[in-house]
Amino acid sequence: MRRALVVRGGWEGHVPVEATELFVPELAGAGFEVTVADDLEVYADGPLLAGTDLIVQCWTGGVLTPEQEAGLVSAVRAGTGFAGWHGGLVATFDGSHDYLRMVGGLFLHHPEDFLTYDVVIDPAYADHPIVAGLDDFTVETEQYWMLTDAHNEVLATTRFVSPDTPMPVVWTRRWGRGKVFFSAVGHRLADLRHPTVYELTRRGLIWASR
C-alpha cells in the first residue's frame with residue numbers, strides 16, 4: 001500500500017481542511033494509506049517522509065524552518081511526490097528559496113475581483129495522463145499571476161487581458177527523483193468541484209506519487 005501525507009493549514013480563506021477532504025476519499029480509493037498533519041513540523045521527520053509516496057499540501061502563508069524546508073526538499077528529491085493547488089503551494093513560504101525552486105512558481109498578483117477566463121490545454125500535452133481526454137474549460141475565480149521557470153512542463157494556460165500575457169495554470173516538473181504537480185485553480189470549494197478541475201486535480205495527485 002502506498003502512503004500519502006496531507007499537510008494542511010495556514011490561511012483559513014483557502015479552506016484547507018474542506019478542500020483536502022474532497023480528495024482524501026479519492027486517495028484512499030486509489031490504494032493510499034492517508035495520514036493528515038496540521039503542523040509543519042512533520043517536514044522535519046525524515047523517516048516519515050522517506051516512507052511517504054505522496055505529499056499533498058494545502059498551506060497558504062506561513063514560514064518553514066530551515067530544518068523543515070531541508071526535510072521536505074530532500075524527500076522530494078529522493079522520490080516522494082509533491083502536489084497541490086492554488087495558494088496552498090505557490091502563495092506560501094516565500095522566504096524558502098529551495099522550496100520555491102522545487103515547486104517552480106511563486107504567486108505575485110490576482111485582480112481584485114473574480115474573473116471568468118478560459119483554461120486551454122496545450123495540444124503538445126494532450127496525451128499526458130493528467131489531461132488526456134479533457135477539453136478546454138472556463139472558470140470564474142481568481143486568476144493567478146505567477147513567476148515561473150522553464151523547467152515546468154505547462155499542461156494548460158490562460159491569458160491575462162491587461163496586459164495581454166499568457167500564464168500557466170497547470171504544470172508538472174521533476175525534482176530529482178520526485179514528481180511535482182500544481183494547478184492554479186482552487187481558491188474555493190466551488191472551484192475544485194468544477195468537473196474538469198476536480199478530475200485533473202485528482203489525476204495530478206495520483207500522477208505525482210512515487
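The structure is a predicted model, in which local features need pLDDT of at least 70 and side-chain atom pairs count only at pLDDT 80 or more, while totals for chains, interfaces and linings use all residues. Residues are numbered from 1 along each chain as its sequence is written, and side-chain values use heavy atoms, leaving out hydrogens and water.

**The sheet.** Helices (H or I, at least four residues) and strands (E, at least two) are DSSP runs, numbered from the N terminus. Two strands pair if DSSP finds at least two bridges between them. Nine strands form an open sheet with mixed pairing, in the order β2-β1-β3-β4-β11-β10-β9-β6-β7. At the edges are β2 (32-37) and β7 (137-141), each of which pairs on one side only. On average, neighbouring strands of this sheet are turned by 20 degrees against each other, direction ignored.

| Strands | Sense | Bridges | Bridge partners |
|---|---|---|---|
| β1 and β2 | parallel | six | L5 and T35 |
| β1 and β3 | parallel | seven | A4 and L54 |

**The helix on the sheet.** Helix α8 (residues 195-208) packs on the sheet and touches β1, β2, β3, β4, β7, β10 and β11. Contact here means heavy atoms within 4.5 Å. The direction of α8 makes about 165 degrees with that of β11; axes are lines fitted to C-alpha atoms, for helices over the stretch in contact, and angles run from 0 to 180 degrees between N-to-C directions.

**The cavity.** A cavity is a set of points on a 1 Å grid over the protein atoms alone where a 1.4 Å probe fits but cannot get out; lining residues have an atom within 4 Å of a point. The structure holds one cavity of 30 Å³ or more. The largest cavity has a volume of about 40 Å³, a volume being the space filled by probe spheres set on the points, which are joined across faces, edges and corners. Its lining consists of Y117, Q143, Y144, M146, T158, P168, V169 and A184.

F107 lies in strand β5 (residues 105-109) and Y144 in the loop between β7 and β8 (145-148), so the pair ties together parts that are 37 residues apart in sequence.

**Backbone exceptions.** Most residues other than glycine have a negative phi, and most peptide bonds are trans. V15, not a glycine, has a positive phi of about 35 degrees. The peptide bond from S162 to P163 is cis, with omega near -10 degrees.

Conventions:
On a 1 Å grid over the protein atoms alone, a cavity is a set of points where a 1.4 Å probe fits but cannot get out, and a pocket is an open set with protein on both sides within 12 Å along at least five of seven lines; lining residues have an atom within 4 Å of a point.
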